[in-house]
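Please keep the sequence and the model open while reading.

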Amino acid sequence: MTLAARMMELGTETAFEVLAKARALEALGKEIIHLEIGEPDFDTPQHIVEAGVDALRNGFTHYGPTPGLPQLREAIARNSREVRGLDLDPAHVVVTPGAKPIMFYVLLALAEPGVEVIYPNPGFPIYESMIKFTGATPVPMQLLEDKAYHPDLDDLAKKITDRTRLIILNSPENPCGSALTRDELGTIANLAIRRDGLYVMADEIYKDILYTGEHHSIAAFPGMAERTIILDGFSKSYAMTGWRLGYGIMPQELVPHIVKLAVNSVSCAASFSQIAAVAALDGPQDDVQQMVAEFAQRRRLITDGLRAIPGINCPEPEGAFYAFPSIKGTGMSSGEFEERAMSEAGVALLAGSAFGEFGEGYVRLSYANSQENIQKALENLDRFVRSAT
Ligand SMILES: Cc1ncc(COP(=O)(O)O)c(C=O)c1O
């Protein structure tokens with residue numbers, strides 16, 4: 001088969017491959033603790049499930065408008081006003097099946113050969129994959145362990161050229177767990193605003209899972225609403241990964257183009273999922289708070305536990321539900337650590353190198369698992385590392 005050349009540029013997310021490997025070992029009777037998965041281990045809150053079931057019974061089983069149901073677009077605009085201080089009307093909102101399509105569409109709409117896109121590295125692997133797929137040039141913005149995985153903004157300023165069309169930000173960040181401060185966002189906004197035609201895609205999918213301080217959106221800085229595409233969704237905040245629902249909030253002039261890409265690919269997001277999402281935004285937020293409180297306890301447990309293992313250094317995550325320790329002191333590469341942690345310690349985790357070139361020497365552990373399992377994983381990893389080094 002002769003594939004289109006661009007298919008050679010497309011990367012992947014190794015979490016799904018590692019999960020398949022773990023499942024194969026489990027089928028042979030081996031016990032594996034899953035710290036590779038990037039989804040909350042909680043169930044979708046009951047009142048959201050009820051709203052989804054009611055919607056199915058009430059006929060939300062048909063196609064809906066491509067940009068999303070009006071009631072959900074309104075709820076998203078309202079919510080964004082409350083949590084981001086962004087006064088934008090629902091016409092700026094496009095709803096998609098999961099937030100990933102927003103990433104895909106924005107890059108298809110803005111990136112092309114000759115254009116440079118700056119993105120966090122280590123970072124969510126789909127950014128680099130999609131930048132390359134469009135033929136644009138990926139320009140990594142390194143997140144530094146000694147700055148608790150924040151970027152060097154002087155270095156970022158030097159990376160912006162006349163060819164830069166997009167800067168991708170992800171805060172709180174996957175895999176590093178860092179969250180950009182208000183000052184950092186202000187500096188980046190100043191850099192972006194100075195250049196005509198430079199946009200920011202702010203991936204804020206983990207905004208509700210933050211352990212210190214408040215979430216700030218770069219879109220709320222003066223002049224930035226017209227330069228920012230916010231990417232957000234329901235997967236993480238409301239434990240709704242399987243409902244496939246996300247959205248973008250973007251400059252009005254970009255909306256018809258993103259909608260055209262949606263018409264050409266998915267037509268619309270599932271109607272009943274959208275009704276459930278209105279209940280998620282407008283209903284009680286206690287479940288979200290409880291989930292974050294539980295994640296906070298696990299964060300303490302996993303950070304302290306990893307720090308006690310010889311050869312491992314673990315900066316404290318500020319948000320999301322990932323620890324991203326350096327394993328350089330063990331002498332193993334990320335890939336070797338991933339493989340041996342699975343086979344020798346029964347712990348599924350991801351090599352940092354799956355998150356870009358600057359992820360080598362690190363691994364990602366998701367703490368979307370019970371404290372009991374995390375404790376057991378830490379004991380197994382401690383034993384494995386001590387015997388291997
Ligand atoms: C940084 C980041 N952005 C976006 C997504 C996509 O989320 P979804 O498509 O499930 O809404 C994920 C999921 O893992 C993520 O980690």
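**Helix pairs, cores and backbone**

In this predicted model, helix α3 (residues 70–84) packs against α9 at an angle of about 25°, and their axes are 9 Å apart. Because angles under 35 degrees count as roughly parallel, α3 and α9 are roughly parallel to each other. Their crossing is left-handed. On the α3 side the contact is made by Q71, L72, A75, I76, R78 and N79, and on the α9 side by Q274, I275, A277, V278, L281 and D282. Sorted by class, the residues in this contact of α3 with α9 are 7 nonpolar, 3 polar and 2 charged.

A second pair can be described in the same terms. Two packed helices are described by the angle between their axes and the distance between the axes. For helix α4 (residues 100–110) and helix α5 (residues 125–134), the angle is about 30° and the axes are 9 Å apart. α4 and α5 are therefore roughly parallel to each other. α4 passes α5 in a right-handed crossing, whereas the crossing of α3 and α9 is left-handed. From α4, the residues K100, M103, F104, L107 and L108 meet I126, Y127, M130, I131, F133 and T134 of α5. This contact of α4 with α5 has 9 nonpolar residues, 1 polar residue and 1 charged residue.

Next come the nonpolar cores. The largest nonpolar core has 91 residues, and within it F234, F337 and L381 touch the most other members. Which residues does F234 touch, not counting those up to four places away in sequence? They are L72, A239, M240, L245, Y247, A277, A280 and L281. Among these, L72 of α3 and A277 and L281 of α9 also take part in the contact between those two helices.

Is S271 buried or exposed? Its relative accessible area is 6%, and buried means under 20%, so S271 is buried. Leaving aside neighbours within four places in sequence, S271 is in contact with F60, H62, Y63, G64 and L69. One of these, G64, is 207 residues away from S271 along the chain, yet the C-alpha atoms of S271 and G64 are separated by 6.1 Å.

The backbone has some features to check by eye. Most residues other than glycine have a negative phi, and most peptide bonds are trans. Where does the model have cis peptide bonds? One joins N121 and P122, with omega about 0°. P122 lies in the loop between β3 (116–121) and α5, and α5 is the helix that packs with α4. Another cis peptide bond joins N174 and P175, where omega is about 15°. P175 lies in the loop between β6 (164–170) and α7 (182–193).

Positive phi values also occur in residues other than glycine. S267 has a phi near 70° and is found in the loop between α8 (255–265) and α9. With a relative accessibility of 30%, S267 counts as partly exposed. A320 has a phi near 60° and lies in the loop between α10 (286–307) and β10 (322–323).

D183 is in helix α7. At 64% relative accessibility, D183 counts as exposed, since exposed means over 50%. Along the chain D183 and E39 are 144 residues apart, and their C-alpha atoms are separated by 29 Å.

K21 lies in helix α1 (residues 14–27). Its relative accessibility of 44% makes K21 partly exposed. Leaving aside neighbours within four places in sequence, K21 is in contact with E338, E339 and M342. The C-alpha atoms of K21 and Y247 are separated by 32 Å, and the two residues are 226 residues apart along the chain. Y247 is also one of the residues that F234 touches.

Technical notes
Residues numbered from 1 in each chain as written. Predicted model: local features only at pLDDT ≥ 70, side-chain atom pairs only at ≥ 80, totals over all residues. Heavy atoms only, no water. Axes fitted to C-alpha atoms, helices over the stretch in contact; angles between N-to-C directions. Helix = DSSP H or I, 4+ residues; strand = E, 2+ residues; numbered from the N terminus. Parallel < 35°, antiparallel > 145°, perpendicular 65-115°, else oblique. Left-handed = near helix turned anticlockwise from the far one by under 90°. Contact = heavy atoms within 4.5 Å. Nonpolar A, V, L, I, M, F, W, Y, C, P; charged D, E, K, R; others polar. Core = buried A, V, L, I, M, F, W, Y, C linked by side-chain atoms within 4.5 Å. Buried < 20%, exposed > 50% of the residue type's maximum accessible area, 1.4 Å probe, protein only.
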